[in-house]
Amino acid sequence: MQQFNIGNIVSLASYLYRSNFKKFSRLSLFAHLWLIVPIYGWAKFYAFAGLISGLAFSEISGQPETKVAKIQIKKRFWQFLITAILVILICLLQFFLVYIGISIIAGIIYGILATIFGAISQPINQANPFDNTIFRIIIIPTAIAVYFSPLWFYSRFFITDLPLAIEDDTNSIGAIKRSRQLSKGLTWRIIAIIFISFVITLPIQILGWFIYSIGFNILRQLISLLLSGDYANENKMFISALPLMISNLINGIILMPFWQSIKSVVYYDIICRREGFDLKIRDRTIELTSDYNR
């Protein structure tokens with residue numbers, strides 16, 4: 001079977017997002033409101049995120065929603081939170097190990113090159129280390145590798161929501177293993193999908209920051225008018241944090257359904273191609289994507 005190309009995946013996810021915007025946004029709103037409640041509310045947040053993924057998968061595959069909504073999600077309520085915590089810890093551990101490894105390798109390479117080209121006699125300028133050519137040659141690719149390594153690690157866990165929401169007889173560990181198994185050999189493809197999806201959502205995020213900057217100034221001026229100027233200055237951190245929280249909340253509510261739809265289409269595409277999941281359903285989905293692209 002031919003796999004979807006990256007453009008089709010993003011287009012189909014966009015279609016699912018737009019056609020179910022009201023339903024998905026309502027679930028996303030509930031999810032973000034639950035974040036106020038520690039632990040239990042966080043579990044509800046990830047469970048709602050998994051529910052959106054499951055419903056998006058049901059939409060694309062033509063399966064009934066009730067199985068996802070009433071059985072899988074409720075049965076694995078805490079598993080979604082445990083899975084999210086495990087993924088974060090695994091990615092942090094991998095990043096820490098890679099950071100140490102890359103730093104050691106970069107130091108060794110710098111020492112070798114400095115010895116060969118006699119740069120040791122020209123020590124690094126502490127004020128501006130980039131004056132040293134060998135330092136620039138080493139530090140720039142090292143910084144790029146370190147900066148993008150979390151995305152590389154996360155790509156292997158990108159679809160952990162779906163096994164929990166869709167598949168039978170699985171748990172947090174099983175979902176993580178399943179995600180790694182399905183994404184094996186597709187890391188760069190998933191990274192490209194994440195990058196393109198990020199670019200698509202960038203205008204919304206920029207708008208959110210624009211609203212935040214305006215809201216911060218308006219709120220500060222309003223408080224300064226209602227209260228003394230000293231109070232506004234003393235609580236500047238709180239005043240600046242409040243619009244930021246509101247802006248992030250709105251962005252999260254709007255963007256979560258899109259990202260969960262992306263995950264669902266990626267998962268659907270992988271299992272179709274690797275495990276032959278319902279050829280007829282796939283044909284229906286290709287027609288749906290073609291109609292949307294027109």
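How many nonpolar, polar and charged residues does the lining of the largest pocket have? By class, there are 21 nonpolar, eight polar and two charged residues in that lining. Keep in mind that you're looking at a predicted model.

**The largest pocket**

- Start with the space itself: the largest pocket holds about 930 Å³.
- Its lining takes in 31 residues, and the ones nearest the centre are Tyr154, Phe158, Trp259, Gln260 and Lys263.

**The largest cavity**

- Rolling a probe the size of a water molecule over the atoms is a handy way to show where empty space is left.
- Search the whole structure for cavities of 30 Å³ or more and you get one.
- The largest cavity has a volume of about 30 Å³.
- Around it you'll find Ile9, Leu186, Arg189, Ile190, Ile193, Val266, Asp269 and Ile270.
- The elements giving two or more residues to this cavity's lining are α9 and α11.
- Sorted by class, the cavity lining has six nonpolar residues, two charged ones and no polar ones.

**How α2 and α3 pack**

- To describe two packed helices, you give the angle between their axes and the distance between the axes.
- Here, the axes of α2 (residues 21-34) and α3 (residues 40-61) come within 7 Å and cross at roughly 165°.
- An angle over 145 degrees counts as roughly antiparallel, so that's how α2 runs relative to α3.
- The crossing of α2 past α3 is left-handed.
- On the α2 side, the contact is made by Phe24, Leu27, Ser28, Phe30, Ala31, His32 and Trp34.
- On the α3 side, the residues are Tyr40, Gly41, Trp42, Lys44, Phe45, Phe48, Leu51, Ile52, Leu55 and Ala56.
- By class, the residues of this contact split into 13 nonpolar, three polar and one charged.

- Most residues other than glycine have a negative phi.
- Now check Ile39, whose phi is near 60°, a positive value in a residue that isn't glycine.

Notes: Residues numbered from 1 in each chain as written. Predicted model: local features only at pLDDT ≥ 70, side-chain atom pairs only at ≥ 80, totals over all residues. Heavy atoms only, no water. Axes fitted to C-alpha atoms, helices over the stretch in contact; angles between N-to-C directions. Helix = DSSP H or I, 4+ residues; strand = E, 2+ residues; numbered from the N terminus. Parallel < 35°, antiparallel > 145°, perpendicular 65-115°, else oblique. Left-handed = near helix turned anticlockwise from the far one by under 90°. Contact = heavy atoms within 4.5 Å. Nonpolar A, V, L, I, M, F, W, Y, C, P; charged D, E, K, R; others polar. 1 Å grid on protein atoms, 1.4 Å probe; cavity = no way out; pocket = protein on both sides within 12 Å on 5 of 7 lines; lining within 4 Å. Points joined across faces, edges and corners; volume = space filled by probe spheres on them.
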